[in-house]
Amino acid sequence: MAIPKIKHYIAGQWMEGAGDGEILHHAITGEPVASHTIEGIDFSDAYKHAREVGNPALRKMTFQERGLMLKALAFHLLENKEKFYEISKATGATRGDSWIDIEGGIGNVFSNASLRRQFPDLPYHVDGETVGLSKGGSFVGHHIMVPKEGVAVHINAFNFPIWGMLEKAAVNWLAGMPCIVKPAEQTCYLTEAMVKEIVDSKILPEGALQLVAGYGNGILDHVDMNDVVTFTGSFETGKKLKALPQIIENSVPFNLEADSLNCAVLGEDAVPGTAEFDLFIKEVRREVTVKCGQKCTAIRRIIVPEKLVEDVQIALGKAFAQTTIGNPDVEGVRMGALAGKEQLEEVTKRVAELAKSNELVYGSLENKGEAKGADWNKGAFISPMLFVNQNPMNSEDVHNIEAFGPISTILPYKTIDEAVAISKKGKGSLVSSITTADEKIAREFTVGAATHHGRILVLNEACAKESTGHGSPMPMLTHGGPGRAGGGEEMGGKRGVMHYMQRTAIQGSPTMITEITQQYQYGGEYKDTERHPFSKYFEELEIGDTVITAKRTVTEGDIVNFANLSWDHFYAHTDVTSLEGTTFEQRVAHGYFILSAAAGLFVQAKKGPVLLNYGLEDCRFTKPVYAGMTIGVRCTVKEKVDQEKKDDIAKGIVKFLVDVYDETGETVAIATILTMIKKKDQG
């Protein structure tokens, strides 16, 4: 039977490399799965297609359109997930392992789809707040972020062939950039299957996604200043790529996320018999054995109080002994195999190196175990192994050598300060965790260790039920770490999206900056409108549309009545004898009364397109209002955000800038009110 050859997807075409290529083997059975080769593949075609076809298509879409595109893609992939689970078995993964990769990756797409709500209804992003640059207010500054005009090149690791692609690609697609994905050769057949499903769905515009499967020698030869490179893998390889002349000369952004010697710390209070001790053992066992230890976030160093070393060793030994190894298709199997025989050889070398300076207390390389439903010798099987190092402050190998498998080492500490110091000897990691019920211990470790870890999980009984665990990066939080971990950041919600955009400072008059940002800037010209903005449908409203209201004089009765109605009897509103030493000259009106009175002035009472008012943003009270002062309101359309149709009502979000001013024209209160407004076109 002929062995299938992994295909590349470049410039809208599926193609094979020349020659027989290199054979990939099933991690459980050892049988050939596929072959891969890049011989004869022209990477320049991929860059040209991405820049000339994919990039313009994505750049012209708004954030809302891109987000809805991701939502549709996520639903499509979820409906077709079982085909990926079947292929994933060849990587040695159990169903649970594959869930992290497959549904975890799809979940990342869902999360980024929802992130659209934090961006404007524009192809570009308006970043931060307006900056006043002149005394009179006629010259201001702002920042916009536009999608880069190049392509994101993602060089991924073998351990997560789907998650590794989707957690990056979802972000660059939302930002408005296309990508070229280069998965690691060991498991590229699973990435190929996912890419084929995405391409066949036709949900993404052509050129948004291309695939180079297998080796990628020379793939970075064509990068320029508009491109972005991300790399996940070994620190040594990442350093070499980051130092390539074309990366340096073109100032190409390069995000490096490398394997690291992550640690888990047990608090001194978490002794045997406590819920925290049991949680710690469970968490370590899981992070050592999930994906057969092939996770960049796996626990490599187990830092425990020296008085608890033996207890932890015994408990982990029992936990590891209950981990059934074998064919994931067989019921009861909890750990599969490493990704392949090459990976097994690499891990074996690293274990031998660790054994020179650390005591092996559980597991063995010499004694082969039992693989349930499989032949241990044909697959890439390995048993969990546990070392102990009694002198971690004066040892180096345990903090430098990583066996990328189910291997970890127990390290004792005397004080929490020493635990922090031991954690830092890993020279930077993606994640560390501390399990403790003592808030003081948690704070001391977190603040002390934060400089050397990209993420810190504080685990105890209170959050255990819903905790996502030590090894699970979350889409809305940054994933990366300093030093050995690469110094990069991925995901992180809006932070990650901005990695694929160019931030540019803009300067001009408030009216001009309003037009560029499509957000009304304070001090800009108002647009006269014959009809009240609340009588206009979403499509009819324009940025700058303003209603200038009638005025109202605030009375002593208003202040007293509002205090009685709201039960807000704060002394500044009710007790004129208590004002000495304050900033107030007399009894002051409640800020919330001023807003309420403002609403009474600008709201149009009769039924119209406005469906509801659901919140305030950036509300500030800038000047006291006393009885006898007269207020008016300028209510201006500040920003419009389209929404998908729900509940059979087509609608959008309109933000109104409410500027309340006194008889001198000076602003006394300012806020942004969020309204939901019906569209005229309900189709």
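The model is a predicted one, in which local features need pLDDT of at least 70 and side-chain atom pairs count only at pLDDT 80 or more, whereas totals for chains, interfaces and linings use all residues. Residues are numbered from 1 along each chain as its sequence is written, and side-chain values use heavy atoms, with hydrogens and water left out.

Gln 518 sits in the loop between α17 (510-517) and β22 (527-528). Helices (H or I, at least four residues) and strands (E, at least two) are DSSP runs, numbered from the N terminus. As to exposure, buried means under 20% relative accessible area, exposed over 50%, and partly exposed in between, with a 1.4 Å probe and protein chains only. By that scale Gln 518 is partly exposed, at 28%. From Val 333, Gln 518 is separated by 185 residues in sequence and by 57 Å in space, C-alpha to C-alpha.

Now to the chain as a whole. There are 20 helices and 28 strands, and the C-alpha atoms fill a box of roughly 90 × 60 × 50 Å, taken along the principal axes. Of the 683 residues, 55% count as buried. Among contacts between residues at least 6 apart in sequence, 75% join residues at least 24 apart. The chain exposes about 29,300 Å², of which carbon and sulfur atoms supply 51%; these areas come from the Shrake-Rupley method with a 1.4 Å probe, and for residues only the protein chains shown count as cover.

I turn to the interior. In soluble globular proteins, nonpolar side chains tend to be buried together. A nonpolar core is here a set of buried Ala, Val, Leu, Ile, Met, Phe, Trp, Tyr and Cys residues joined through side-chain atoms within 4.5 Å. The largest such core has 53 residues, and those with the most contacts inside it are Leu 166, Trp 173, Met 194, Ile 198, Leu 204, Leu 209 and Val 497. Two or more residues come from each of α2 (63-79), α3 (81-88), α4 (95-114), α5 (163-175), β8 (179-182), α6 (188-201) and β9 (209-211). Which residues does Ile 198 contact, leaving aside its neighbours within four places in sequence? They are Leu 73, Leu 77, Met 165, Leu 166, Leu 204 and Leu 209. A second, separate core of 35 residues includes Phe 534, Met 629, Cys 635 and Val 637.

Next, the salt bridges. The term denotes a side-chain nitrogen of Lys or Arg within 4 Å of a carboxyl oxygen of Asp or Glu, and the structure holds 37 of them. One joins the side chains of Lys 81 and Glu 103, at 3.4 Å from N to O. Lys 81 belongs to helix α3 and Glu 103 to helix α4, so this pair ties together parts that are 22 residues apart in sequence. Lys 81 is partly exposed at 23%, while Glu 103 is buried at 19%.

A further bridge links Glu 287 and Lys 295, whose closest N and O atoms are 3.1 Å apart. Are these two residues buried or exposed? Glu 287 is buried, with a relative accessibility of 2%, and Lys 295 is buried at 3%. Both take part in a network of salt bridges that links Glu 283, Arg 286, Glu 287 and Lys 295.

Arg 350 and Glu 353 form another bridge, with closest N and O atoms 3.0 Å apart. Both lie in helix α11 (residues 341-355), three residues apart, or about one turn of the helix. Arg 350 is partly exposed at 25%, as is Glu 353 at 28%.

Finally, two backbone details. Lys 202, in the loop between α6 and β9, has a positive phi of about 60 degrees although it is not a glycine. Lys 291, in the loop between α9 (275-289) and β13 (299-305), likewise is not a glycine and has a positive phi, of about 55 degrees. Lys 202 is exposed, with a relative accessible area of 71%, whereas Lys 291 is buried, at 7%.

Note on methods. Contact = heavy atoms within 4.5 Å.
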